[in-house]
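Please read them with the coordinates open.

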Amino acid sequence: MNYEEKAKQLRADILKSLYECQSGHPGGSLSCVEILMALYYNVMKVDPKNPKMEDRDRFVLSKGHACPTLYAVLADLGFFPREDLMNLRKLHCHLQGHPDMNKTPGVDSNTGSLGQGISVAVGMAMAAKYKKEKYGVYTLIGDGESQEGIVWEAAMSAAHYKLDNLTVLLDYNGLQIDGANDDVMSIGDIVGKFKAFGFECLEVDGHDIDAITEAIKKPVTGKPKFICCKTVKGKGISYMENVFGWHGKPMNKEQFETAMKELGVN
Amino acid sequence: MGKSLRVAYGEALVELGKKNENIVVLDADLANATMTCNFRDAYPDRFFDFGIAEGNMVCAAAGMAHSGLTPFVSTFALFGAGRAYEEIRNSVAYVHANVKFAFSHSGLSVGEDGGSHQSFEDIALMRELPGMTILVPCDPLETEKAVMAAAQIDGPVYIRVARPVCEDITTADTPFVPGKANVMKEGNDVCIMTMGLMVPIAMKAAAMLEAEGISAAVLNHHTVKPIDEACILEMNQRVKGIVTVEEHSIIGGLGSAVAEVLAGKAGAKFSRIGIEDRFGQSGTPDALFAEYGLTAEHIVEECKKLM
């Protein structure tokens, strides 16, 4: 796969779907494109023809507002038609503003209320251990999301139950709705915190698909894994990069056309 | 010899676990109070303590349900329905996940622990959630039936478990059909609609009314949601007065559920007994029931007003 071309196509799909509904969250969707590519194209065992396959790997998008990226990847894999992306957030479309497992094929958990997804993923990993299933459970959290107390309740339980079938990835773009993490509520040494909670911790460039893939595949036993993916919010679109205002703002026509031009899409 | 509903709950879980390996039990450092400790000791590999972290426990239960297990989740009513409300709302109810909540130490009967631990709002909170079934057993036998019934229901269920020791007032043969109120006593003048620990007190009130020549029916609404509308509407045509009685706030509980059914309908006069928009406080359960008006005497008085 030509990563660069695929990433551009996904970014274009994400922005088209967001432009079409004039709402949603472009910044944090664009920052996690490569993370989801590494998971879905290089690591996870899933079957678009059988989305509920028992032994599939599970993914919980804990930062649920980045679902345009998940939807673009799932559509690209054939879980549902790519045209559906143009109905994102519209009445009766299966693509809800935040992920809904009962509506969208390939979505493994509802998320959107921050912090709850990582906790659901912990439950999935515990169930897999109890049932002696071999599948892996992956979850992506946001840096702002890490301010939720439940993230740390979940982290504590993941280590306590030695969930080496659980990988927590962090989309560390440093920005949230009201500004930089450090201006809103500093998350401090986030890697050190997960380490102190009992995780095996790795740090990667969150836009380097091979590096992310390698980190995910690195075997760890007896403890859960945490991968800090350093990313750029709004990645790929010049005027959005590292601008917190693009957390949840619709593009106007000119901005949309500029974005498409930058991605090389007509 | 009576026993507490939580003891009955603990025993029922073990029975259920014997039949079904997909039953798992979660608790938040209260296993010895909610009595999930029985299940923990019988099936240690499928009992999970989450420590004092109710929100995480609820969401993890959702993850387990998504993986084909049937989790029973226990803690005190206030910390489950209250503290973890939004986790229940978004990760369980919104998904219609197959998670069963059995929260103990509900209502005023918690007693001495006081207002911080007395949950008068748990039914109101759970009743707001689409697809949530709410069961409120009145005695040890009904608690056991509620646990078995909950396991058969596809989707979220809340079982409200009270703390005190009580005698069985139903029998092994008493039917327990979720959504179908049990007529504990027939009567034609007034109807007392109640649930949980208030059922025996309502029965006592009905006997006192009979002694004064007033024929009182008693309905046990062991299922608050879905409420038995047909039964309520039938009573509304038959009797002169309906009084709801609950160990819960009169805002949002059984009284509200019945009021919603009766709204706009001609028929019986209607009144509600429950906790009147107040917080709780320390005291023995008996002293608190008297202080908050949850007595047979108060029920009798209220029924007579409607005659």
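This is a predicted model: local features need pLDDT of at least 70, side-chain atom pairs count only at pLDDT 80 or more; totals for chains, interfaces and linings use all residues.

What covers the buried residues of α6(B)?

1. **Cover over α6(B).** The cover comes from both chains. It includes α5 (116-130) of chain A. It also includes α4, α5 (77-83) and α7 of chain B. α6(B) is mostly covered, with seven of its nine residues buried. The buried set is Tyr85(B), Glu87(B), Ile88(B), Asn90(B), Ser91(B), Val92(B) and Ala93(B).

2. **The contact between chains.** Chain B puts 23 residues into the contact, and chain A puts in 21 residues. On the chain B side, α4 (54-66) and α6 (85-93) each supply at least two residues. α4(B) gives the most to that side, with nine residues. By class, the chain B side holds 12 nonpolar, seven polar and four charged residues.

3. **Domains of chain B.** Chain B is divided into domain 1 (3-166) and domain 2 (182-305). Their C-alpha centres lie 25 Å apart. The contact takes 26 residues from domain 1 of chain B and 28 residues from domain 2 of chain B. On the domain 1 side, α7 (122-127), β6 (133-135) and α8 (140-152) of chain B each supply at least two residues. That side divides into 14 nonpolar, seven polar and five charged residues.

4. **α9 against α13 in chain B.** Helix α9 (residues 198-211) packs on helix α13 (residues 296-305) at an angle of about 55°, and the axes are 8 Å apart. That angle makes α9(B) oblique to α13(B). The crossing is right-handed. From α9(B), the contact uses Ile201(B), Ala202(B), Lys204(B), Ala205(B), Met208(B) and Leu209(B). From α13(B), it uses Ala296(B), Ile299(B), Val300(B) and Cys303(B). By class, the contact has nine nonpolar, no polar and one charged residues.

5. **α1 against α4 in chain A.** The axes of helix α1 (residues 3-21) and helix α4 (residues 67-77) of chain A come within 9 Å and cross at roughly 120°. The contact of α1(A) with α4(A) has seven nonpolar, two polar and two charged residues.

6. **Ile209(A).** Is Ile209(A) buried or exposed? Ile209(A) is buried, because 24 other C-beta atoms lie within 10 Å, and 20 or more is the cut-off for a buried residue. Ile209(A) lies in helix α9 (residues 209-217) of chain A. Ile209(A) and Ile35(A) are 174 residues apart in sequence. In space, their C-alpha atoms are 6.8 Å apart. Leaving out residues up to four places away in sequence, Ile209(A) touches Tyr3(A), Glu34(A), Met37(A) and Ala38(A).

Key
Residues are numbered from 1 along each chain as its sequence is written. Chains are lettered from A and ligands numbered from 1 in the order in which they are written. Two residues are in contact if their C-beta atoms, placed from the backbone, lie within 7 Å. Helices (H or I, at least four residues) and strands (E, at least two) are DSSP runs, numbered from the N terminus. Ala, Val, Leu, Ile, Met, Phe, Trp, Tyr, Cys and Pro count as nonpolar, Asp, Glu, Lys and Arg as charged, and the others, Gly among them, as polar. Axes are lines fitted to C-alpha atoms, for helices over the stretch in contact, and angles run from 0 to 180 degrees between N-to-C directions. A residue is buried if 20 or more other C-beta atoms lie within 10 Å of its own, exposed if 12 or fewer, and partly exposed in between; C-beta atoms are placed from the backbone. Domain bounds come from an automatic or database domain assignment. Angles under 35 degrees count as roughly parallel, over 145 as roughly antiparallel, 65 to 115 as roughly perpendicular and the rest as oblique. A crossing is left-handed if the near helix is turned anticlockwise from the far one by less than a right angle, and right-handed if clockwise.
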